[in-house]
Amino acid sequence: ELQRISAGPINIDFGELFINSKETRYFNVSNDLHKFILVKFLDLKDLVIKPPSQVIPSASVGSFTLELTGHKQDVFTRLVTYTINDKHTFKIRIKAKVEPVRLLISPLDMEFRFSAEMTERTIDKILSITNNGNSKAQFDMELLQKASAFKMQGQKNMEIDKNETKEIKVSYTPT
């Protein structure tokens, strides 16, 4: 009878996700028997599976949502067990690489130079910060010299959404 039940994928790779982000994958069970089956996931720590169990009618497919949240930097590999009708046990392999959020800053160097034609007393440059991750990032920026000729807009408790670039104005006014 078990040959008429198919389930998969048996290897689920969440890929790279960032700390405090959540990724979703799906697991399906197809029931080609002439009776209902009960699929139940066991020991669900570190992983949220919705629903944790499901009755799948004959000639139907049951779908499970698997959610993984990266709580700390880790290479996550785990075998998750599920049963069919509380007597047939199977495993699926879950893996993910959890990384800290990395912000890209551009340009890495800024040169503030006055030309002979300039009449302004201040030069403004734009610093771009990009979050290529799958999670919102919070950060602070600070000038190394507190009482300097440089000013920077917004410095504390800044946020940047996933896949977003934030532009920050940096100004130089010589004293």
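Before going on, two notes on what you have open. This is a predicted model, where local features need pLDDT of at least 70 and side-chain atom pairs count only at pLDDT 80 or more, while totals for chains, interfaces and linings use all residues. Residues are numbered from 1 along each chain as its sequence is written, and side-chain values use heavy atoms, with hydrogens and water left out.

**Stop 1**

Select residues 123-131 (strand 11) and 164-172 (strand 15): they pair antiparallel over nine bridges. Strands here are DSSP runs (E, at least two residues), numbered from the N terminus, and two of them pair if DSSP finds at least two bridges between them. In general, strands of a sheet pair through backbone hydrogen bonds, either parallel or antiparallel.

Now widen the selection to the open sheet, whose four strands come in the order 10-11-15-13 with antiparallel pairing. Strand 10 (103-106) and strand 13 (150-152) are at the edges with a single partner strand each, so one side of each has no neighbour in the sheet.

**Stop 1: strand 7 and its partners**

Next, pick residues 60-69, which make up strand 7. Click on Tyr26 and you'll find Thr65 as its bridge partner in strand 7. Strand 5 (residues 48-50) also pairs with strand 7 in the antiparallel sense, over three bridges; there, Val48 stands opposite Glu67.

Stay on Glu67. It forms a salt bridge with Lys22, with the closest N and O atoms 4.0 Å apart. (A salt bridge is a side-chain nitrogen of Lys or Arg within 4 Å of a carboxyl oxygen of Asp or Glu.) Glu67 in strand 7 and Lys22 in strand 3 are 45 residues apart in the chain. Is Glu67 buried or exposed? Glu67 is buried, at a relative accessible area of 15% (buried means under 20%, exposed over 50%, partly exposed in between, with a 1.4 Å probe and protein chains only).

**Stop 2: other salt bridges**

The structure holds nine salt bridges. Show the side chains of Lys40 and Asp86, which meet at 3.0 Å, N to O. Lys40 is in strand 4 (residues 37-41) and Asp86 in the loop between strand 8 (74-84) and strand 9 (88-99), so this pair ties together parts 46 residues apart in sequence.

Then jump to Glu111 and Arg113, whose closest N and O atoms are 2.3 Å apart in a salt bridge. Glu111 is partly exposed at 48% relative accessibility, whereas Arg113 is exposed at 60%.

Finish by selecting Glu16, Lys97, Glu99 and Arg102, which are linked in a salt-bridge network.
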